[in-house]
Amino acid sequence: MPDQRERLLSLLRPGTAPTGGGDGFLDLLGEIPQAGPSTGLAQRLMRTSAVPMIYERYWRPALGRVAKGLTGPSMAGEVRIAIEALGLSPGKIALDVACGTGRFTRAFGEAVGPDGLSIGLDGSVTMLEKALAAPNPASVAYLRADAVDLPLADSTVDAVCCFAALHMFADPDAALDSFTRVLKPGGALVVLTSARHDDQPMRLADTVLGGLSGQRMFDRGEIAAKLSRRGFDRVKERFSGVTQIVSGVLPVNIRP
């Protein structure tokens with residue numbers, strides 16, 4: 001069985017090396033407490049020591065249900081949607097950006113099997129420690145790094161997932177550029193993020209609530225357009241409440 005830590009090290013950009021002593025994960029941030037500036041209340045709460053303890057079982061499902069509405073997918077449904085959109089199969093390399101406590105990372109690890117690699121990337125030590133405390137498939141490796149400026153080399157992964165995080169990034173366009181850069185030609189991307197209603201006064205309410213919590217409210221169709229401009233095709237959208245799941249695939253001829 002391959003050494004997943006060594007495999008992960010081989011995927012890093014030239015000159016990149018661990019700078020901290022993360023217990024069980026590669027740490028590229030070292031003494032930096034968190035990657036990037038806080039964008040508001042929601043992100044500050046995520047960076048506390050308390051939220052990671054309840055994140056996977058209570059926090060994320062509860063907030064997700066409010067955001068997605070009664071007809072939106074469950075957490076298990078989100079995992080299934082992501083695996084299907086990414087086309088995960090044995091031997092592939094998947095990257096779970098802003099992985100939190102690792103629910104998606106573990107599921108991706110099962111999907112890619114012992115010959116594949118599922119990388120969970122997050123900036124929070126507490127989140128990663130919680131992820132490592134759960135039973136993880138042997139194909140899983142965790143990385144503490146900047147989620148916007150990914151430390152991986154170009155064209156190194158088959159799939160990138162970023163659920164419930166893009167709207168909290170200070171520079172979501174830079175993040176999408178980075179996601180695109182690390183994907184192999186033919187690779188797939190799936191994102192779950194905010195989706196502002198089209199009609200007033202709901203649109204105004206979405207904007208105000210997003211501003212108060214420090215979360216960017218994207219328009220419906222905005223993320224799909226961003227992916228299309230970056231060369232993705234087979235772009236698909238799914239809306240639930242104030243959320244959208246958007247996926248796309250890089251054509252095999254996207255790069256020389």
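**Exercise 1.** Characterise the salt bridge between Lys184 and Asp158 in this predicted model.

*Solution.* Next, locate the partners: Lys184 belongs to strand 6 (residues 183–194) and Asp158 to strand 5, 26 residues apart, so the pair links distant parts of the chain. Strands (E, at least two residues) and helices (H or I, at least four) are DSSP runs, numbered from the N terminus. Finally, Lys184 is partly exposed at 27% relative accessibility, whereas Asp158 is buried at 18%. Buried means under 20% relative accessible area, exposed over 50%, and partly exposed in between (1.4 Å probe, protein chains only).

Residues are numbered from 1 along each chain as its sequence is written. Local features need pLDDT of at least 70 and side-chain atom pairs count only at pLDDT 80 or more, while totals for chains, interfaces and linings use all residues; side-chain values use heavy atoms, without hydrogens and water.

**Exercise 2.** Determine where the salt bridge between Lys226 and Glu222 lies and which network includes these residues.

*Solution.* The closest N and O atoms are 3.9 Å apart. Both residues lie in helix 9 (residues 222–229), separated by 4 residues, about one turn of the helix. Salt bridges with shared partners then join Asp173, Asp177, Glu222, Lys226 and Arg230 into one network.

**Exercise 3.** Describe the backbone and accessibility of Arg234.

*Solution.* Arg234, in strand 7 (residues 233–240), has a positive phi near 50 degrees. At 60% relative accessibility, Arg234 is exposed.

Notes:
A salt bridge is a side-chain nitrogen of Lys or Arg within 4 Å of a carboxyl oxygen of Asp or Glu.
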